[in-house]
Amino acid sequence: MFNVITALLIVMFTGLSLYGRVSILLLACVSVGMAVFLTYFNSHSHNEELSIDIMAQTSRLRDFHPVLKFWTLIALLFICVASKSVYTGIFLSIMMMTLSKFAGGLKLHNYIGVLIVPIRFLLIGGLALLLETSPEPMGIVNCNIFGIWLCVTPISQIKTALVISRAFGAVSCLCLLSTSTPMPDIIAVLRKAHCPEFIIDLMYLIYRYIFILTSLHHEMHNAAKSRLGFKDYRTSLRSTAMIYASLLGRSFQFAGKNFDAMESRCYDTGISFLQRDHQISPIQVFVCAVIMIVSAGLHFLPL
């Protein structure tokens, strides 16, 4: 169901964004091609939200110096958000996917599986930016709904393309960071940056318990489904309410047990991890410098 909704959102967004700028045939090919590409690879990912740690641990980019990688990606994120050209976001999106696939060894459907949820939010937000209301038709695409005209104008197309390219480029940078850097390495970088310990501890515990509660929810959902808990709409509402009520109680139970276990081990802020030594190689510095220079240079290209 979500794959169908994603495909429809992609076709609608691509069609409205490029309408009037390319031929109808090319527009149809691009829209359908993007929809098939994303939904096909997403349909071949299974519970990928539970395996981000595994992706990071098995990535070949794991040995890339974490401090250099972390701050380079953060800098690229800010460059992308501040850029006034769509080419910066497009370049970073393609570059992050290429690095994940060929340098990190991450399978393409796993990468799409991580990005698919942000993509859905971006598509919905993009449609909201594209459509403008007007008392009369004023755009290249006009639709009358209950006396109000929904219009797509060339200005809204340009504005939406810039916003979406910025957002997707920034999300791609974070996606590469999360799928190639284990959490202990990220915590080590934050400690070197003198981030307060209680913030690091909360970040790690929240991160871990998101996965634990997601796994628990998946088990409860399967148990309810095996007992015909979703056979009709009314039963589905009742089963969903029971699952989330139980999940809330279990989350408090897990939190209490976890805190008792930490106190029994003399916890006094600061979760420690075994750190590995990383060496910065000239090729790592060269790659980071080239990507940053190209990204900054694309800022000056016209839209």
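User: Where is Thr153 found?

Analyst: In this predicted model, Thr153 sits in the loop between strand E3 and helix H7 (154–180).

User: Is Thr153 buried or exposed there, and why?

Analyst: Thr153 counts as buried because its relative accessibility is 7%, and buried means under 20%.

User: Which residues is Thr153 in contact with, leaving aside its neighbours within four places in sequence?

Analyst: Those contacts are with Glu132, Met138 and Gly139.

User: Turning to the strands, how many bridges join E2 to E3?

Analyst: Five bridges join strand E2 (residues 141–145) to strand E3 (residues 148–152), and the two run antiparallel. Within this pairing, Asn144 stands opposite Trp149 of E3.

User: And what is found in the hairpin of E2 and E3, between the strands?

Analyst: Two residues lie between the strands of that hairpin, where Phe146 takes a positive phi near 55°.

User: Where does Ser134 lie?

Analyst: Ser134 belongs to strand E1, which covers residues 132–134. Ser134 counts as buried because its relative accessibility is 7%.

User: What does Ser134 touch, not counting residues up to four places away in sequence?

Analyst: Ser134 touches Ile148, Trp149 and Cys151.

User: Now the helices. What should helix H10 span at 1.5 Å a residue?

Analyst: Helix H10 (residues 233–264) has 32 residues and should therefore span 46 Å; its end C-alpha atoms are 46 Å apart, in agreement with that expectation.

User: Which residues of H10 are buried, and what covers them?

Analyst: The buried residues of H10 are Ser236, Ser239, Ile243, Leu247 and Met262. Their cover includes helix H9 (197–226).

User: Stepping back, how many helices and strands does the chain have?

Analyst: The chain has eleven helices and three strands. Along the sequence, their pattern reads α-α-α-α-α-α-β-β-β-α-α-α-α-α.

User: What box do the C-alpha atoms fill, and how many of the residues are buried?

Analyst: Along the principal axes, the C-alpha atoms fill a box of roughly 70 × 60 × 35 Å. Of the 303 residues in the chain, 37% are buried. The chain exposes about 17,700 Å², of which carbon and sulfur atoms supply 71%.

User: What share of the contacts with a separation of 6 or more comes from residues 24 or more positions apart?

Analyst: Residues 24 or more positions apart account for 74% of those contacts in the chain.

User: One last topic. What pLDDT does the chain average, and which element has the lowest mean?

Analyst: The chain averages a pLDDT of 84, with 93% of the residues scoring at least 70. Among the elements, helix H2 (residues 24–43) has the lowest mean pLDDT, 70, while helix H4 (residues 66–82) has the highest, 94.

User: Where does pLDDT stay under 50?

Analyst: pLDDT stays under 50 over residues 46–50, for which the model has nine contacts beyond four places in sequence. Where pLDDT is low, the predicted coordinates should not be read in detail.

Terms used: Residues numbered from 1 in each chain as written. Predicted model: local features only at pLDDT ≥ 70, side-chain atom pairs only at ≥ 80, totals over all residues. Heavy atoms only, no water. pLDDT = per-residue confidence, 0-100. Helix = DSSP H or I, 4+ residues; strand = E, 2+ residues; numbered from the N terminus. Contact = heavy atoms within 4.5 Å. Expected span 1.5 Å × (residues − 1). Buried < 20%, exposed > 50% of the residue type's maximum accessible area, 1.4 Å probe, protein only. Areas by Shrake-Rupley, 256 points an atom, 1.4 Å probe, with all protein chains shown as cover. Pairing = 2+ DSSP bridges.
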